[in-house]
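Subject: Structure for you to look at

Hello,

Here is the structure I said I would pass on. Please open it and keep it in view while you read the notes below.

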Amino acid sequence: MITAGIDVGSKTIKVVILKDGRVTGRGMKAAGLEQAESATVCLRQAAAEAGIKESDIEQIVSTGAGRKAVSQANSQITEVGADAVGTVHVLPEARTVIDVGAEEGRGIKVSAEGKVVDFAVNEKCAAGAGSFAESMSRALEMTLEEFGQISLKSTRSIPMNAQCTVFAESEVVSLLHAETSKEDISRAVHDAIASRVASMVRRVGIEQKVALIGGVAYNPGFVNSLSRSLETEFVIPDDREYIGALGAALVAVERSKGNK
Amino acid sequence: MAEYKTEPLKSWNKAKELRLKYYKEYQDAHKNGGLRWTGGAWSFDAIPAGLGRDVYNITGEPYGASLAFDKQLSKECMEAAEAKGWARDLCSYMRNYWGSMYLNKYAFGGEYPSPDFCFQDHICCSHGKWYQHVAEYKKIPYFCIDVSVGPYEDLDENRLMFVVNQMHESIEWLEKITGRKYQDDLLIEAVENECRSTSAWAEVCYLNMAKPAPLDEKTMYSLYVHGTLAKHSKEIADFYEELRDEVKYRVDNQIAAVPNERCRLMSDTQPPWGFLKVFRYLENFGAVSIGSLYTFGLIGIWEDKPDGTWGPRTTPMQKGESITTRDQALRILADWNLSKPEWQHFYDPNIKTRMMLQIVKQWGVDGVMLHLNRGCEGLSCGIMENRLGIAEAGVPVMTFEGNMGDEREFDEKRVMARIDSFMETLGIDMLQKAQ
């Protein structure tokens, strides 16, 4: 059986193709303004990697903020549900899932069966999501990769008082004028994001093991800050940004069997 | 195919007429030589009723909500309040109300009808300041009764008398500022009406335990509001008794609010008034919001029954008690209001959690949706403690952020997406193809 999961995030679209329970193709593309078109391109890309025709796909499930834009999808699942299914599939021991994407962070408590027990999502604010780190790296004229790495070289903790990205940028400029090192500023930014995410995750409670997924999990500075803030280690799957799409593809398998 | 039959509420038109009549009578009061006063929905409106039958009030919160429903006017009001230098995170009803006053625009047409005096009580910090500012801006007298005597379960004679003595003082003040002679018989009548209306509203909510629920919360919002306008009036007390009889009929005949009811939810605090479609969206899942501590207990008065359930409070008249003196009327009025469910959490969020869990259990609620209402500091106070208590009791709970009166703080798409996730968690699929 061949199924596909399409995760239409606010910044990127990810596609996973499953053939008999094995990942055979993946695609990723910037979402842009035309999400439907981008999803189509991304699906084509994944199908090519899997060596199949799109018409070979029996069931497609879309997820993510833009899931309703995917005309090829047979059905949808929320990003919370897809994250839970995808994470427990690759990390069966996970009971707490933290997903931090470009514009949204989520904390999910999951059962052994991949069911959502409780969840919390960040409110109308980007200060607890990846776009905040991106914006701050631009302010420091660094790539996001550099920005994440130098955070680990920081020797001191500086609290950032700003509660929103706009004011935080001004605060970064003030810190630069005060000749604070870029390493310390980077850590301060990551600590601020981690603090937001940690307080959201604590709402649902921390139950071991804790999985960290989403594109921001590639940022070592953030992972370090969040680990200190929550006083826990994480299990981080490979291809962490594809977990939502994988979850959707797995749900497609179940739905194809008529179990849902 | 619908599982239950449904039909419009017969009392609906009367509810609308009463509400419009209330605002019109307030507007026209001066034409007929009457008095106008303003205060909150929680003010002791039975007390000014003793000044005569030509005394009309406008309560700030429902007026602020009416303004919020008119998005364009509300935006103008907010901007007018902010232009005066008021912070954006103050009570949004208050900012709407003040904006209407500054712009001299009445939500129901014409100019803002200036009150002759302000009469308020003080449990929420915004409430006291709200009418203090109105009084200063309009150069009118202001009286405020401090009711912060602790939770009802700790009420004793001293605490009760702290409130009753202020009530006595307020009557002397009313006589002085209006030059009118106070009529105790009108006070007694108003207190009886208030007990009757607030207990009858609790009965209406109590009937919503039935499955299918005869009312959904969106409809209840349009009905509970009468108690926030003039809970002391005979017209409102009579209306609530008629409504109770109609709801009872719906229960007896299985007439549902949501024909395909299969999931019962409960909310909390004021809704985002400009986005009541949230409740219609729930119907796509066959979900009905059966009410909340807010709709039940903002105005409704309840009591613990001997069998451990929660039910409408027995009125003094039902107990065979007759009210004959001013002091007795004021004691009853104070005691009655101090037992108001929505006053209790100001002292301890655990009391609110307890009541919410009682509703969950008694009304058969499957999940709870908490509105983290940026527009109301008072009713949002302790709400995350409530979330924790509800979750620890094993009841599914979600939160969404918004503002009852300032639509700029509500992200419709995100809230709907969160509802989707919550319903998925409850194992409830969307009924319609619309997904």
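Within chain A, 15 residues of domain 1 are in contact with 22 residues of domain 2. On the domain 1 side of this contact, helix H2(A) gives the largest share, with 8 residues. Sorted by class, that side of domain 1 holds 6 nonpolar, 5 polar and 4 charged residues. Please bear in mind that this is a predicted model.

To find the two domains in the chain, note that domain 1 of chain A is made of two stretches, 1–91 and 239–260. Domain 2 of chain A covers 93–236. Taken over C-alpha atoms, the centres of the two domains of chain A are 26 Å apart.

Next, chain A as a whole. Chain A contains 8 helices and 9 strands. The C-alpha trace of chain A spans about 60 × 35 × 30 Å along its principal axes. Of the 260 residues in chain A, 52% are buried. If you take the contacts in chain A with a separation of 6 or more, 70% of them join residues 24 or more positions apart.

Where do the two chains meet? Contact between them involves 12 residues of chain A and 11 residues of chain B. On the chain A side, helix H2 (79–90) and strand E8 (116–121) are the elements that give two or more residues. E8(A) provides the largest share of that side, 4 residues. The chain A residues that touch chain B divide into 6 nonpolar, 3 polar and 3 charged.

Last, the nonpolar cores. In soluble globular proteins, nonpolar side chains tend to be buried together. The largest nonpolar core here has 130 residues. Which of its residues have the most contacts inside it? They are Val191(B), Leu333(B), Ile359(B) and Val368(B). Helix H7 of chain B, residues 184–207, supplies the largest share of this core, 12 residues. Leaving aside residues up to four places away in sequence, Val191(B) touches Ala46(B), Ile323(B), Ala329(B), Ile332(B) and Leu333(B). Another core, of 79 residues, lies apart from the largest one, and among its members are Val15(A), Phe119(A), Met136(A) and Val223(A).

Regards

Technical notes
Residues are numbered from 1 along each chain as its sequence is written. Chains are lettered from A and ligands numbered from 1 in the order in which they are written. This is a predicted model: local features need pLDDT of at least 70, side-chain atom pairs count only at pLDDT 80 or more; totals for chains, interfaces and linings use all residues. A nonpolar core is a set of buried Ala, Val, Leu, Ile, Met, Phe, Trp, Tyr and Cys residues joined through C-beta atoms within 7 Å. A residue is buried if 20 or more other C-beta atoms lie within 10 Å of its own, exposed if 12 or fewer, and partly exposed in between; C-beta atoms are placed from the backbone. Two residues are in contact if their C-beta atoms, placed from the backbone, lie within 7 Å. Ala, Val, Leu, Ile, Met, Phe, Trp, Tyr, Cys and Pro count as nonpolar, Asp, Glu, Lys and Arg as charged, and the others, Gly among them, as polar. Domain bounds come from an automatic or database domain assignment.
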